[in-house]
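Hi,

Here is the model I promised to pass on. Have a look first, and my notes follow below.

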Amino acid sequence: MAQDILEEITSSEYKYGFVTDIEADSAPMGLSEDIVRFISAKKNEPEWMLESRLKAYRHWLKMEEPTWAHVQYPKIDFQNIIYYSAPKQTKVLNSLDEVDPELLKTFEKLGISLEEQKRLTGVAVDAVIDSVSVKTTFKEKLGELGIIFSSFSEAVHEHPELIKKYMGSVVPYTDNYYAALNAAVFSDGSFCYIPKGVRCPMELSTYFRINSAGTGQFERTLIVADEGSYVSYLEGCTAPMRDENQLHAAVVELISHDNAEIKYSTVQNWYPGDKDGKGGIYNFVTKRGVCYTNAKISWTQVETGSAITCKYPSVILKGDNSTGEFYSVAVTNNMQQADTGTKMIHIGKNTKSTIISKGISAGKSNNSYRGLVRIGKKAENARNFSQCDSLLMGDKCGAHTYPYIEIGNSSGVVEHEATTSKIGEDQIFYCNQRGISNEDAIGLIVNGYCKEVLNKLPMEFAVEAQKLLSISLEGSVG
Amino acid sequence: MGPNGSGKSTLASVLAGRADYEVTEGEVTFNGKDLLDMAPEERAREGLFLAFQYPVEIPGVSNINFLKTAVAEVRKHRGLAPLEAKDFLKFFNEKKALVEMDSNLTSRSVNEGFSGGEKKRNEILQMAMLEPKLAILDETDSGLDIDALRIVANGVNKLKSPDNATVVITHYQRLLDYIVPDFVHVLYNGRIVKSGGKELALELEEKGYDWIKKEVAELA
């Protein structure tokens with residue numbers, strides 16, 4: 001039953017509807033202690049969870065909105081946002097006529113649906129429509145291995161000991177403005193626990209969707225890989241056409257215990273606003289993981305959407321011999337702004353980190369890489385390699401690089417390489433002369449440029465990402 | 001043929017549809033169609049091929065993937081389905097042998113780090129794969145050593161058929177020892193000022209262009 005609903009809602013939406021007519025069960029607009037209590041009550045949360053939310057809320061009130069990123073936007077009115085909206089599980093009606101044909105075309109080109117994904121790959125999908133997980137699939141199968149993969153709310157009820165232990169352990173509510181906001185009002189998200197020595201046999205995947213008008217999306221993801229375990233997690237996003245800006249402030253925490261490995265891959269394709277910069281998602285996400293001895297965390301992201309992206313998936317290399325990786329493609333077109341990168345915090349001995357960042361700017365957009373590599377005092381023989389490449393298309397866009405390097409131990413080796421290049425008209429003409437259209441030529445060239453990163457994505461995700469790159473850059477040259 | 005600056009490469013670029021050139025007058029008909037009305041990629045799909053004098057490098061795009069895309073586009077235009085992977089590979093290996101192309105070059109990025117000779121051979125390989133009606137070789141012999149020249153010329157000769165034509169732009173008789181032309185045209189100041197058989201090339205090799213320039217001046 002619930003399975004059917006999932007399919008009905010998700011697969012049809014991707015093809016047709018963007019403002020799905022799910023009757024929203026929304027909180028009143030604005031933010032106050034009452035709203036925090038409302039959200040907590042809606043989710044039947046235990047007292048400790050409410051307390052944790054209130055603590056975060058009270059702390060948030062004392063904080064100031066950060067302004068250091070290289071992005072510009074009108075001040076957000078936090079009282080003008082609906083903080084909770086849950087879909088009622090009813091049959092969805094779609095009307096093709098209401099949908100922007102441009103968007104339709106894009107989705108046609110992408111040709112993705114949840115159903116297809118599952119069929120192709122055996123991916124377990126935890127679909128989040130607005131804020132409440134509709135249904136978690138493959139749960140039983142995973143259950144046999146002792147793997148927990150559920151919505152965050154469910155985990156609060158069923159595994160309170162794990163949530164209490166790990167939630168906020170990597171990104172405490174005091175960490176930053178948006179992390180505090182998230183801790184106060186987060187609606188739902190995903191929780192994943194891989195027991196000792198278990199290799200998760202499938203890619204775990206969550207499809208996020210932002211839906212009801214004016215609803216901020218405050219997801220929370222927590223992934224715990226116990227000793228010697230392995231998991232690959234996919235996060236992918238699309239959002240409907242909207243006029244007013246929408247705030248998205250998610251928190252993702254990864255805990256990779258001794259000898260464990262977490263691979264976290266993201267394809268982010270939220271509505272970037274129109275050509276004049278009207279509308280679009282504000283994507284202010286805190287993503288961080290901690291590695292214990294011999295552990296590994298690898299972030300791979302393909303960011304093509306959102307009006308504004310500020311996002312720095314980071315790794316704290318706490319244990320000796322641990323490894324952190326960050327592979328990123330960030331595309332900005334038209335009026336989009338992205339300030340993204342990573343932080344690699346080397347604390348343990350013999351820790352290693354690799355950063356490969358590919359920024360592509362087109363239109364009048366601005367694309368910044370901001371990264372920190374910190375080698376702590378006790379991090380003997382730490383190694384880092386960073387490569388930051390920027391590709392410019394046209395002459396009205398900007399590419400910026402802000403690498404921060406802090407070295408507290410003289411045995412560390414830190415390498416930083418950076419290049420800036422432009423897609424040449426000569427390259428495009430060469431492709432044209434071989435029968436390849438402008439659009440396909442750009443796709444070919446851009447995908448070639450991003451190859452090192454795309455190669456890190458799971459196969460089915462890579463295909464989607466490639467299409468996305470071409471679509472995002474459509475009409476940006478010639 | 002023709003002296004430097006006479007418009008040989010310009011002609012090639014205009015026919016291929018390079019955006020830097022604007023056609024102010026005249027018309028070009030290609031197989032009964034208005035060539036100038038077509039986008040560069042349409043011209044290519046219609047069977048016009050330009051072997052570039054300076055082939056560009058496309059980092060990250062493998063040669064074979066590039067060829068696969070191009071061949072699929074041209075086939076689509078001709079109403080054909082893309083080749084199955086196996087058939088494509090067979091076709092590819094056939095053509096690769098034609099230009100004696102090293103296997104490791106095919107998996108590398110398009111022209112990236114190729115020597116001058118390898119780039120030119122790659123152009124002929126692409127030509128062989130795309131099976132154009134009209135191929136224009138823009139100074140394909142420049143920068144080639146004797147062996148590469150022979151290989152490139154052999155490739156061109158083997159591709160010759162009653163259904164296609166090749167325009168070879170060159171400065172030297174050397175290439176024409178291998179590719180024997182049916183006609184030789186001399187371009188000067190943007191016009192064909194003299195045409196003849198293969199002997200004309202030999203005459204030019206011997207006497208240079210001055211006598212032609214003089215002839216033109218006298219006629220004017």
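Which residues are buried in helix H1 (residues 8–16) of chain B? They are Lys8(B), Ala12(B), Ser13(B), Leu15(B) and Ala16(B), where buried means under 20% relative accessible area with a 1.4 Å probe, protein chains only. Seen down the axis of H1(B), these buried residues fall within an arc of 165 degrees (taken from the directions from the helix axis to the C-beta atoms), so they line one face of the helix. Their cover includes H10 of chain A, along with helix H2 (40–46) and strands S3 (48–51), S6 (134–138), S7 (165–169) and S8 (184–188) of chain B. Helices (H or I, at least four residues) and strands (E, at least two) are DSSP runs, numbered from the N terminus.

A word on the ground rules: this is a predicted model, with local features needing pLDDT of at least 70 and side-chain atom pairs pLDDT 80 or more, while totals for chains, interfaces and linings use all residues. Residues are numbered from 1 along each chain as written, chains are lettered from A and ligands numbered from 1 in the order written, and side-chain values use heavy atoms, without hydrogens and water.

Now the interface. The contact (heavy atoms within 4.5 Å) takes 18 residues from chain A and 31 residues from chain B. Two salt bridges cross it, meaning a side-chain nitrogen of Lys or Arg within 4 Å of a carboxyl oxygen of Asp or Glu. Glu123(B) forms a salt bridge with Arg434(A), their closest N and O atoms being 2.6 Å apart.

Best wishes

Terms used: Buried means under 20% relative accessible area, exposed over 50%, partly exposed in between (1.4 Å probe, protein chains only).
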